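Q: I am new to this structure and would like to go through it step by step. Could we look at it together?

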Amino acid sequence: MQVLDGKKAGQAIREEIRLQVAQRLTEGKKIPHLAAILVGNNGASTTYVGAKVKACEEAGIRSTLHHFESDLTEFQLLEKIRDLNNDPDIDGILVQLPLPKQIREEEVIRAIDPEKDVDGFHPINQGLLMQGLPGFIPATPYGIVLLLQHYKIETTGKEAVVIGRSNIVGRPMSILLSQPGPAGNCTVTLCHSKTQNLNEHIRRADIVVAALGQPEFVKADMIKAGAVVIDVGITRVDNPSKKSGFELKGDVDFSNVSPLCSWITPVPGGVGPMTIAALLQNTLLACVRRNN
Ligand code: NAD
């Protein structure tokens with residue numbers, strides 16, 4: 001078994017981005033600028049946004065965090081997004097999900113200018129992805145593609161099973177794995193909460209992407225020997241022995257599954273850092289597309 005080290009691969013990609021941003025600075029070109037919006041004080045969301053802002057700084061990308069109280073109205077948030085859409089200095093807009101229940105996420109996602117939608121959640125970008133056309137690919141599946149490419153994992157002709165059909169992870173992942181091109185050309189089965197005989201599907205897979213948000217759901221007896229296993233799940237599970245009071249668990253029972261795999265991502269240190277690297281890649285791309 002070998003570990004698909006997202007921390008290491010993500011760092012290499014971020015260093016490459018840093019060099020490109022520095023080169024832009026030397027050439028007098030615009031530096032990418034990301035606007036991140038956080039509503040409320042959810043612990044996990046605050047940590048994720050903080051990590052994204054810090055990663056921007058390290059890569060020389062400008063970032064501005066707009067932090068609002070949890071009683072923000074949908075109207076107020078849409079107004080903020082309109083302002084950021086109209087601000088020529090802003091290249092990318094990120095709204096950290098989930099949002100408080102008085103705000104409809106679909107409305108917010110649709111309000112973002114697709115050319116600044118560096119999370120790739122806007123229906124226009126999702127449509128472009130489906131047709132294999134250039135747009136913005138959602139950061140988590142894009143990060144997984146970059147990770148598979150970094151480790152030169154052969155995907156062509158392989159059976160891939162994706163567990164989870166969300167618009168931000170599972171569904172776009174299934175499209176990317178089935179498309180022609182790098183980290184593609186798989187025969188893909190997309191499984192979800194209504195899938196019958198889920199274990200049989202997973203057991204057939206050469207590549208498993210677990211994105212269901214159920215800690216340690218994927219067990220050793222579900223995995224074919226030699227499979228490549230990508231664990232997207234991150235769930236905070238109570239653990240009083242930890243200083244924070246919790247630990248992070250993936251969707252895969254790592255200690256029992258990993259001996260069977262050819263490659264596997266750890267949690268933390270697998271898909272999470274790749275998501276951040278992909279976000280920075282999208283932000284740089286947005287800046288290049290908008291300003292050259
Ligand atoms: P989601 O809740 O929107 O979707 C979960 C999907 O899993 C649904 O489509 C559902 O049908 C499926 N599902 C649930 N229970 C199932 C079961 N028992 N059997 C089969 N399918 C089942 O979640 P999401 O936003 O796609 O995120 C999934 C997980 O990935 C979460 O743990 C989330 O925290 C994590 N995540 C990690 C990153 C990262 O950067 N590492 C990014 C995004 C999401």
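Q: Is E159 buried, exposed or partly exposed?
A: E159 counts as partly exposed, at 27% relative accessibility. Buried means under 20% relative accessible area, exposed over 50%, and partly exposed in between, with a 1.4 Å probe and protein chains only. The model is predicted: local features need pLDDT of at least 70, side-chain atom pairs count only at pLDDT 80 or more, and totals for chains, interfaces and linings use all residues. Residues are numbered from 1 along each chain as its sequence is written, and side-chain values use heavy atoms, with hydrogens and water left out.

Q: Where is E159 placed, and what does E159 touch?
A: E159 is in strand 5. Leaving out residues up to four places away in sequence, E159 touches T187, R204, A205, D206 and I207. Contact means heavy atoms within 4.5 Å. Strands (E, at least two residues) and helices (H or I, at least four) are DSSP runs, numbered from the N terminus.

Q: How far apart are E159 and L146?
A: They are 13 residues apart in sequence and 19 Å apart in space, C-alpha to C-alpha.

Q: Which sheet has six strands, and in what order?
A: Six strands form an open sheet in the order 1-11-8-7-5-6, with parallel pairing. Strand 1 (2-3) and strand 6 (187-191) are the edge strands, and each pairs on one side only. Two strands pair if DSSP finds at least two bridges between them.

Q: How many bridges join strand 5 to strand 7, and strand 7 to strand 8?
A: Four bridges join strand 5 to strand 7, and these strands run parallel. In strand 7, A210 is the bridge partner of I163. Four bridges also join strand 7 to strand 8 (residues 228-231), again running parallel, and there the partner of A210 is D231.

Q: And at the other end, what joins strand 1 to strand 11?
A: Two bridges join strand 1 to strand 11 (residues 263-264), and the two run parallel. The partner of V3 in strand 11 is I264.

Q: Which residues cover the faces of strand 7?
A: Both faces are covered: I207 and V209 lie on one side, V208 and A210 on the other, and all are buried.

Q: What lies across this part of the sheet?
A: Helix 7 (residues 170-178) lies across strand 5 (159-163), strand 6 and strand 7 (207-210), and runs at about 170° to strand 6. Axes are lines fitted to C-alpha atoms, for helices over the stretch in contact, and angles run from 0 to 180 degrees between N-to-C directions.

Q: What about S174: buried or exposed?
A: S174 is buried, with a relative accessible area of 10%. S174 is in helix 7 and touches V162, V188 and L190, not counting residues up to four places away in sequence.

Q: Changing topic, which residues of the largest nonpolar core touch the most other members?
A: V209 and I230 do, in a core of 53 residues. Helix 10 (residues 271-291) supplies the largest share of this core, nine residues. A nonpolar core is a set of buried Ala, Val, Leu, Ile, Met, Phe, Trp, Tyr and Cys residues joined through side-chain atoms within 4.5 Å. A second, separate core of 18 residues includes A35, L78, L84 and L97.

Q: Which strands form the three-strand sheet?
A: Three strands form an open sheet in the order 3-2-4, with parallel pairing. Strand 3 (62-68) and strand 4 (92-95) stand at the edges with a single partner strand each, so one side of each has no neighbour in the sheet. Seven bridges join strand 2 (residues 33-39) to strand 3, and A35 stands opposite T64 of strand 3. Helix 2 (residues 43-59) packs on this sheet, touching strand 2, strand 3 and strand 4.

Q: How do helix 2 and helix 10 cross?
A: Their axes come within 10 Å and cross at roughly 55°. Helix 2 and helix 10 are therefore oblique to each other; angles under 35 degrees count as roughly parallel, over 145 as roughly antiparallel, 65 to 115 as roughly perpendicular and the rest as oblique. The contact is made by A51, K52, A55, C56 and A59 of helix 2 and I276, L279 and L280 of helix 10.
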